[in-house]
Amino acid sequence: MGFKPEMQGKMRIIYIHGFNSGKGQKVKDLEQQGFEVYCPQLTAHVHEDIAILVKLVNDLKDEDLHIVGRSLGGYYALILLARIFSENAIHYHLINPSLVPWKSIKRFLNKKMKNYKSGEEYQLTISFLNALKQYVPQIESIPTNRFFNVTFYFGTKDEILDHSITKDWIQTCRVPCDIIETDQGHRYEDISTVIREINALEIANNIKW
């Protein structure tokens with residue numbers, strides 16, 4: 001699969017969607033702001049998807065890059081943070097990140113699924129959940145100081161995930177990240193807060209240079 005950039009001059013964003021989802025309105029909203037957005041379609045094959053994302057980031061990391069991950073996509077973004085570190089060049093935006101996705105997704109175990117964006121039909125297996133768990137040691141080994149380029153976005157009306165543990169960890173470990181809370185649910189339909197933050201970071205970077 002080729003995601004090598006062809007356009008020049010646009011701010012590049014990798015959008016990592018949530019479980020059983022795909023390219024949707026949030027990507028359109030980002031594109032309407034003039035961003036060049038890459039949104040690989042995730043599948044039921046965790047390791048293959050991670051490999052595609054790692055290659056994509058490596059292709060783009062020499063440019064100013066923003067990685068936006070929602071829910072399961074936030075978990076994948078943390079794997080990328082563990083594997084690829086580029087000081088000042090990569091900014092991570094984690095929207096309602098699922099830090100233990102195998103627990104929230106377990107309710108679909110052995111059920112026949114259909115991705116409502118791609119139309120792919122599949123069955124969620126225990127191997128999928130186990131594959132997710134395999135990346136826990138990598139995430140747990142991320143040095144705390146790498147989080148200075150990470151922004152967490154928590155929806156205060158998230159009906160699926162409880163973010164209190166994540167916020168407690170951030171506070172207890174004094175993780176140098178930013179936290180933005182908005183009055184939204186798990187799907188985080190209004191991405192304007194993220195867009196404003198990306199633009200603000202770009203303005204700050206331009207002033208520094």
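In which hand does helix 2 pass helix 3? The tour answers this below, after a look at the whole chain.

This is a predicted model, in which local features need pLDDT of at least 70, side-chain atom pairs count only at pLDDT 80 or more, and totals for chains, interfaces and linings use all residues. Residues are numbered from 1 along each chain as its sequence is written, and side-chain values use heavy atoms, without hydrogens and water.

**Select the whole chain.** The protein chain has eight helices and eight strands (DSSP runs numbered from the N terminus: H or I of at least four residues for helices, E of at least two for strands). Its C-alpha atoms fill a box of roughly 50 × 40 × 30 Å along the principal axes. Of the 209 residues, 52% are buried (under 20% relative accessible area, with a 1.4 Å probe and protein chains only).

**Select residues 46–60 and 72–83.** These are helix 2 and helix 3, which pack at an angle of about 55 degrees with their axes 10 Å apart (axes are lines fitted to C-alpha atoms over the stretch in contact, and angles run from 0 to 180 degrees between N-to-C directions). Helix 2 passes helix 3 in a right-handed crossing (the near helix is turned clockwise from the far one by less than a right angle).

**Show the side chains between them.** From helix 2, Val46, Asp49, Ile50, Leu53, Val54 and Val57 meet Tyr76, Ile79, Leu80 and Arg83 of helix 3 (contact means heavy atoms within 4.5 Å). By class, this contact has eight nonpolar, no polar and two charged residues (Ala, Val, Leu, Ile, Met, Phe, Trp, Tyr, Cys and Pro count as nonpolar, Asp, Glu, Lys and Arg as charged, the others, Gly among them, as polar).

How values were computed:
Buried < 20%, exposed > 50% of the residue type's maximum accessible area, 1.4 Å probe, protein only.
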